[in-house]
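Have the viewer open as you read.

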Amino acid sequence: NAGVTQTPKFRVLKTGQSMTLLCAQDMNHEYMYWYRQDPGMGLRLIHYSVGEGTTAKGEVPDGYNVSRLKKQNFLLGLESAAPSQTSVYFCASSHGTGVETQYFGPGTRLLVL
Amino acid sequence: GNSVTQMEGPVTLSEEAFLTINCTYTATGYPSLFWYVQYPGEGLQLLLKATKADDKGSNKGFEATYRKETTSFHLEKGSVQVSDSAVYFCAPNQAGTALIFGKGTTLSVSS
């Protein structure tokens with residue numbers, strides 16, 4: 001039982017390049033989330049999904065796209081990376097909201113030059 | 001909208017000292033309340049939670065009580081260890097909405 005895994009662990013991009021971050025969970029969770037963590041800002045929700053084939057915007061969605069084609073996977077895409085997207089990205093999953101615990105991946109550190 | 005405020009860090013303590021990290025929230029209705037912890041270089045993990053008023057969550061010697069009247073969920077530990085050094089996040093969550101994280105409080109414990 002691996003929990004939540006993220007690929008890659010670290011990446012350096014040049015401004016304007018694109019990339020996709022992959023999140024996978026093996027807990028059969030309906031809900032999946034992408035957050036970014038920046039110093040002094042806590043975690044901010046980028047996008048989330050309440051089930052396969054669904055996505056919704058979070059607090060800071062601009063510049064990102066997501067897809068949930070399979071229940072166990074949640075992809076975060078950056079079409080044209082900008083230095084402001086330098087951050088640590090965390091994926092999480094949960095059975096639901098309210099009383100349910102979110103389970104986090106180990107994070108992806110992204111540096112955009 | 002819902003929001004959460006937790007005390008600014010960093011908090012620097014000696015081993016065996018008493019710890020309090022304050023957390024207050026605003027919410028419509030009655031959210032569940034969570035404390036998550038992030039150890040260096042890792043993702044967040046649940047530390048403890050409480051789902052209704054006056055509930056006490058506890059884990060690894062940490063405790064927090066859901067205080068509806070003061071909309072607070074302060075984290076406490078009677079005797080901290082070096083291994084408790086981490087970033088602590090308070091987070092209220094209501095059903096049907098996204099988890100809201102505080103900005104995090106960094107705890108540094110020295111021996």
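**The sheet in chain A**

Chain A has an open sheet of four strands in the order S1-S3-S8-S7, with antiparallel pairing. Strands here are DSSP runs of E with at least two residues, numbered from the N terminus, and two of them pair if DSSP finds at least two bridges between them. Keep in mind that this is a predicted model: local features need pLDDT of at least 70, side-chain atom pairs count only at pLDDT 80 or more, and totals for chains, interfaces and linings use all residues. On bookkeeping, residues are numbered from 1 along each chain as its sequence is written, chains are lettered from A and ligands numbered from 1 in the order in which they are written, and side-chain values use heavy atoms, with hydrogens and water left out.

- Strand S1 (4-7) and strand S7 (65-67) of chain A sit at the edges with a single partner strand each, so one side of each has no neighbour in the sheet.
- Ignoring direction, neighbouring strands of this sheet are turned by 20° against each other on average; axes are lines fitted to C-alpha atoms, and angles run from 0 to 180 degrees between N-to-C directions.
- S1(A) runs antiparallel to strand S3 (residues 19-25) of chain A, and four bridges join them.
- A:Val4 has A:Gln25 in S3(A) as its bridge partner.

**The sheet in chain B**

- Chain B has an open sheet too, with five strands in the order S2-S11-S10-S5-S6 and mixed pairing.
- Its edges are strand S2 (11-14) and strand S6 (44-50), each with a single partner strand, so each has one side without a neighbour in the sheet.
- From one strand to the next, the twist averages 25°.
- S2(B) pairs with strand S11 (residues 105-110) of chain B in the parallel sense, over four bridges.

**Where the chains meet**

- Chain B brings 22 residues to the contact and chain A brings 17 residues (contact: heavy atoms within 4.5 Å).
- Together the chains bury about 1400 Å², 56% of it on carbon and sulfur atoms; buried area is the accessible area (1.4 Å probe) that two parts lose on being put together, summed over both.
- B:Leu44, B:Phe101 and B:Lys103 supply 29% of the area that chain B buries against chain A, more than any other three residues.
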